[in-house]
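Thanks, everyone. I have one model to walk through, and I will keep it quick. Have a look at it first.

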Number of protein chains: 4
Amino acid sequence: MSKLYFRYAAMNAGKTTSLLQVAHNYQERGMRVLICKPATDTKAGDQLSSRIGLAKKVDVLIHPDDSLDALIPETGVDCLLVDEAQFLSPKQVDQLRHIAVKWNVPVICYGIRTDFLMKWFPWSTRLLEIAHSIEELKTICRCGKKAVCNMRLINGEPVFQGDQGAIDGEVEYESVCGRCFLEERVW
Amino acid sequence: MSKLYFRYAAMNAGKTTSLLQVAHNYQERGMRVLICKPATDTKAGDQLSSRIGLAKKVDVLIHPDDSLDALIPETGVDCLLVDEAQFLSPKQVDQLRHIAVKWNVPVICYGIRTDFLMKWFPWSTRLLEIAHSIEELKTICRCGKKAVCNMRLINGEPVFQGDQGAIDGEVEYESVCGRCFLEERVW
Amino acid sequence: MSKLYFRYAAMNAGKTTSLLQVAHNYQERGMRVLICKPATDTKAGDQLSSRIGLAKKVDVLIHPDDSLDALIPETGVDCLLVDEAQFLSPKQVDQLRHIAVKWNVPVICYGIRTDFLMKWFPWSTRLLEIAHSIEELKTICRCGKKAVCNMRLINGEPVFQGDQGAIDGEVEYESVCGRCFLEERVW
Amino acid sequence: MSKLYFRYAAMNAGKTTSLLQVAHNYQERGMRVLICKPATDTKAGDQLSSRIGLAKKVDVLIHPDDSLDALIPETGVDCLLVDEAQFLSPKQVDQLRHIAVKWNVPVICYGIRTDFLMKWFPWSTRLLEIAHSIEELKTICRCGKKAVCNMRLINGEPVFQGDQGAIDGEVEYESVCGRCFLEERVW
C-alpha cells in the first residue's frame, strides 16, 4: 500500500520547485511520473512553472468533473504528482486516495490550505482530512517568522474583500505569519 | 507570538496520555495549564481518562455556544490544552487561534480527523485549515502499518451506517490502515 | 522492511510514557512487544518508570557486550522497544538496524542526544547516524521555548563539571533552551 | 533566539535545490542570505549547482581551520545557509549554533549523514547532536521505498572499499533503502 501525501504551504514557498525535484528524482532512477494540474488553475496554461526558473509541461489537466479512477491503469506510473491540489474536487481526492491504497502508487499533492481571508478552499479540506501523511513546506514572513497566511495585495496594499479565486492580473499575494496578518486586519 | 497546534491521530493512539504528559511537564516547571474539553464529549464526565490508566479533572467544559475569548484573561495560564477538539465549533477554533497569536499562549488541541465513514467532523476541519502546526500521533493497524481510519465495530463486527457521533454503549472503534479498511468495505 | 526509529528528547520530556503508550497500543491489539533497557542505566532496576506514574517491568536488560542478533528469533515479537538508548554500544545499534531491515520488526529507541555539557554520548550518535527515522519528543524550557539542553543541577545550582554519566543521588537535571543554557554559562 | 537546522538527506535528493529555493524566498522578500560551502567540497568550485539545473555563486568558502564567529557581524544577514555541511568541523558547527542562539540568525545546514559504508562523517555527527531541529529531505530507492544509504558505484557496480571522501571522477553514488543496500552486501 502506498500513501496519499498532502504537502501544503503558504503561497510562494516553493511548492512547484519541490514537485519538479521529486519528478526529477524519479526520472533520474529510470522511473515514470505523471504530473497533473487542475485546469481551474489557468496560470501558465499547461505548464508548471516555478518562480525560481524551472518549468515543465503538465501530463494531465484535470477538469472539475473528470474521474481520476482510470488515471493509473491507462498509464502505468511510479508516482502521481498533483500541483495546485486545492482545486481538486473532494470526490477526486477520494479517487486519488484509492489509487494510492489499491494500486500501490504514491500520490503526492501540493497545495495551499486557505484563501486570503483564511477561509477554506472547499477542495483542499478533503486532502487534510484523508491524506495518509500531511507535510508542511515552510517559508518566511516579512518579519522572519514562519508564514501561514496568504495576504492579498492590490497595488501593494492588503485587501480583505473580493472573490476567493482571483489569481491573475493586478492581484498579488504575500505570505505572512499570523501576527503580521492580524496587525494588518483585526478579525 | 505562540502557536495553535493540532495533534491529530486515529482513535486509541494515546492522545489523552500525550495531553496529560504535556500538562505534567508544564506543572513540574511551576507553570500553569488550563485543560479544556467540549461538553459534547460526555464520556467520563468532567474527567480526562486515558486507556493506560491516567486521569485528571478537566478545568473547563466547553459548550457549543461558549465564547473562548475570555478564557485566558480570566485565568492567566502558560498553556491551553484541549482534548477531543473535533467537537469544537469553527468559531471556537478561530478564537483559540486568536489566543495563541494575540496573547502569546500556546494552544495545543488533540483530536481525530474523520468519522467511521471517513467523513469529516464539521468541527475539526477548521483546525486542519488554520493550525500553525499540524502534528500526527501515530498508532498501528492490526497488520502492523500505521492506522489512519476509525472503523466502527458493534459486537466485534465492522458497521458502515449509523450516526456520526455515537461514542457509547455497544459501539467500539478499531483504528486501521487504509488497506485493511478497504478490505472490509469497498467504497 | 521495517524501520529503526530514534525518538530523542531532552530529559524529562516524557520518553518513557511514550514508550509505554506504544507498548499498550500493540498489546491492546493482541500483538507482542519486547521492552529492553541497557543495564548501564541502574535507575529503577529492572523497571521502566515514568515521572507521571506509569511503570512496567523490562523484558530484557542489555549489557554492554551483549549481542542483540539473537533477540528476535528467540522471542518472536511485533515491535522492539528500547528505553535509555543512549547507553547502547554502536555495535548494538547496528544490530538493531539489522533486526528492522532483515526481520521486518520495527525497532523504536528512545534516548537523549547529548550530556550536560552538550557533549555527545558515544553511543547515541550511532542512532542519529543510521536510524531510518529521527523524531523529536518536545518539552519546554523554563522560559516557555522548546528545551534542547540537559543542564545539570546540584542543590538546585547549575554545574558544568563532573562525570558524564552521573544519574543518581544529589544530581538533578533541568531541560532548558539554548539561550537559557547560554545565559547560565558562556562557552 | 533563532535555530540551527540540520536538513539531511541521502545523496541526490535535492538538497541544493532546496537551499537555493530558501535563498530565493528570502531574497524575494528583500532579505539577505549568506550562502556558504566547505572548501573541502571541490565539486563545481565556488558554485552551488543542483542536478535539476539551478546554480548560484557561493558567498563564503569555509576552510577547515576558519573560525565562523566573525561571519555575521561582518555581514549582517537574515539567514545563513550552508551546503555540504558534513564537511564542517565540529568546532565550526558549535560556532554556527552560537550564531543562531546569540545573534538571532537562523542557520540552515544541508548535508548527508553517513558515507558509502554507513560510517559517519566525523563532521556531520556534531550537527545531529546539537541542531535545534533535524529535518529529513526524502528521496526514493530504486525499489520505490525511501532511500537512506549512499551506495558507491564504479562503472555502475557497487563497491565497498576505498576512501571516505571520494567525490569525483569515476565514482558515482546511488541512494538506496536499507534492504536494497543489504542485498548488495551482507555486513
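Let me start with an interface. Chain A and chain B meet through 19 residues from chain A and 19 residues from chain B. Which elements give two or more residues to chain A's side of that contact? They are α3, α4 (124-130) and α5 (178-184) of chain A. Of these, α4(A) brings the largest share, 4 residues. Sort chain A's side by class and you get 10 nonpolar, 4 polar and 5 charged residues. Keep in mind throughout that this is a predicted model.

Now the contact between chain D and chain A. Here 19 residues of chain D touch 19 residues of chain A. Chain D's side of it holds 6 nonpolar, 8 polar and 5 charged residues.

What about the other pairs? Chain A and chain C have no contact, and their closest C-alpha atoms are 13 Å apart. Chain B and chain D do not touch either; for them the nearest C-alpha atoms also lie 13 Å apart.

Next, chain A by itself. It has 5 helices and 11 strands. Along the principal axes, its C-alpha atoms fill a box of roughly 50 × 30 × 30 Å. Buried residues account for 51% of the 187 residues. On contact order: take the contacts in chain A with a separation of 6 or more, and 76% of them join residues 24 or more positions apart.

On to the sheet in chain A. Six strands form an open sheet, in the order β5-β2-β6-β7-β1-β8, with parallel pairing.

Zoom in on one pair. Strand β6 (residues 79-82) of chain A runs parallel to strand β7 (residues 107-111) of chain A, and 3 bridges join them. Across that pair, L81(A) stands opposite I108(A) in β7(A).

A helix packs here too. Helix α3 (residues 90-103) of chain A lies across β1 (4-8), β5, β6 and β7 of chain A. Relative to β7(A), α3(A) runs at about 145°.

Now helix α3 (residues 90-103) in chain D. At 1.5 Å a residue, its 14 residues should span 20 Å. The end C-alpha atoms are 20 Å apart, which agrees. Which residues of α3(D) are buried? They are Q92(D), V93(D), L96(D), R97(D), I99(D), A100(D) and V101(D). Just after α3(D), N104(D) has a positive phi of about 65°.

Last stop, one lysine in chain D. K43(D) sits in the loop between β2 (33-38) and β3 (47-49) of chain D. Buried or exposed, K43(D)? With 11 other C-beta atoms within 10 Å, K43(D) is exposed, since the cut-off for that class is 12 or fewer. From K43(D) to W120(D) is 77 residues along the chain, and their C-alpha atoms are separated by 21 Å.

That is the tour. Over to you.

Terms used. Residues are numbered from 1 along each chain as its sequence is written. Chains are lettered from A and ligands numbered from 1 in the order in which they are written. This is a predicted model: local features need pLDDT of at least 70, side-chain atom pairs count only at pLDDT 80 or more; totals for chains, interfaces and linings use all residues. The expected span of a helix is 1.5 Å times one less than its number of residues. A residue is buried if 20 or more other C-beta atoms lie within 10 Å of its own, exposed if 12 or fewer, and partly exposed in between; C-beta atoms are placed from the backbone. Two strands pair if DSSP finds at least two bridges between them. Two residues are in contact if their C-beta atoms, placed from the backbone, lie within 7 Å. Axes are lines fitted to C-alpha atoms, for helices over the stretch in contact, and angles run from 0 to 180 degrees between N-to-C directions. Ala, Val, Leu, Ile, Met, Phe, Trp, Tyr, Cys and Pro count as nonpolar, Asp, Glu, Lys and Arg as charged, and the others, Gly among them, as polar.
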